[in-house]
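Let's take a walk through this protein, one piece at a time. Have the structure open while you read.

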Amino acid sequence: MKIPVDQITQSPKEIMFSEKIEDLNSFFANEKYRDFHFPPVLDGSLVYYRSGQELFFQGSFGGRFEGCCGRCLANYSFDVEKSFDIVLVPDPARPERKVEELRREELGLSYYSSDIIELAPLIEEQVLLALPTRPLCREDCRGLCGGCGVNLNIEECACVPAAPSDSRLAIFRTLKINR
Ligand SMILES: [Zn+2]
Ligand SMILES: [Zn+2]
């Protein structure tokens, strides 16, 4: 969806949107460990308005995504509900840009430089922010056996569990690091 900047007024407008987020799938296609799959379209609602040159976008979206569990590598579905609050300020495009970029990160601001605001990249960014940093099919996922590779959520294996001496070793290692 595209919103012409000159149609953003001081009085808030509320819209429903259906944004294509398919591009995110190719974004993750080459990632080995953070494997997510997204529906082609994401639905949400948005309120937008301006104050001077600053543009405000407040909204929310929800959807069902697919993730690849970081422990057992199984695919699973999870629901995401996210609300967001975005402020866009005019791109200063001045030599002191570096300072401006710093300021931008501090304030959580983004720039706009054209006469049209494209909603898709803004929404995609919010989708990425809503993803779990470590996807797990469930909190207590037992993962794959380090010895034989079976999925321990589904079957037991005959491998000898890690001996208790391992954890004692781990404590020694920790002590070393702390020294
Ligand atoms: Zn799992
Ligand atoms: Zn095993």
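Start at C157, which is partly exposed because its relative accessible area is 26%; here buried means under 20% relative accessible area, exposed over 50%, and partly exposed in between, using a 1.4 Å probe and protein chains only. Before going further, a word on ground rules: this is a predicted model, where local features need pLDDT of at least 70 and side-chain atom pairs count only at pLDDT 80 or more, while totals for chains, interfaces and linings use all residues. Residues are numbered from 1 along each chain as its sequence is written, chains are lettered from A and ligands numbered from 1 in the order in which they are written, and side-chain values use heavy atoms, with hydrogens and water left out.

Back to C157: its SG is one of the protein donors of the zinc ion (ligand 2), together with the SG atoms of C145, C148 and C159, at 2.3 to 2.4 Å from the metal. Donors are N, O and S atoms within 2.8 Å of the metal (3.2 Å for Na, K and Ca), and since water is not among the atoms, sites may look incomplete. Along the chain, these donors are spaced C-x2-C-x8-C-x1-C. For reference, the ideal angle for four tetrahedral donors is 109.5 degrees. C148 is partly exposed too, at 43%.

Now look at V160, in the loop between α3 (119–130) and α4 (164–178). Helices (H or I, at least four residues) and strands (E, at least two) are DSSP runs, numbered from the N terminus. V160 counts as exposed because its relative accessibility is 75%. Its C-alpha atom is 8.5 Å from that of G147, 13 residues apart along the chain.

On to the other metal. The zinc ion (ligand 1) has C69, C72, C137 and C141 as its protein donors, each through SG and 2.3 to 2.4 Å away. Why is this arrangement called tetrahedral? Because the four donor atoms subtend angles of 107 to 113 degrees. The donor spacing reads C-x2-C-x64-C-x3-C. C72 sits in the loop between β5 (54–68) and β6 (75–90), and C137 in the loop between α3 and α4, so the pair ties together parts 65 residues apart in sequence. C72 is buried at 6%, whereas C137 is partly exposed at 28%.

That brings us to the strands, which pair if DSSP finds at least two bridges between them. β5 pairs antiparallel with β6 over 14 bridges, and F56 stands opposite V87 in β6. Their hairpin has six residues between the strands, and L73 there takes a positive phi near 65 degrees. β5 is also joined, antiparallel, to β4 (residues 41–51) by nine bridges, with D43 opposite G62.

Methods. Tetrahedral: all angles 85-135°; square planar, octahedral: opposite > 155°, others 65-115°.
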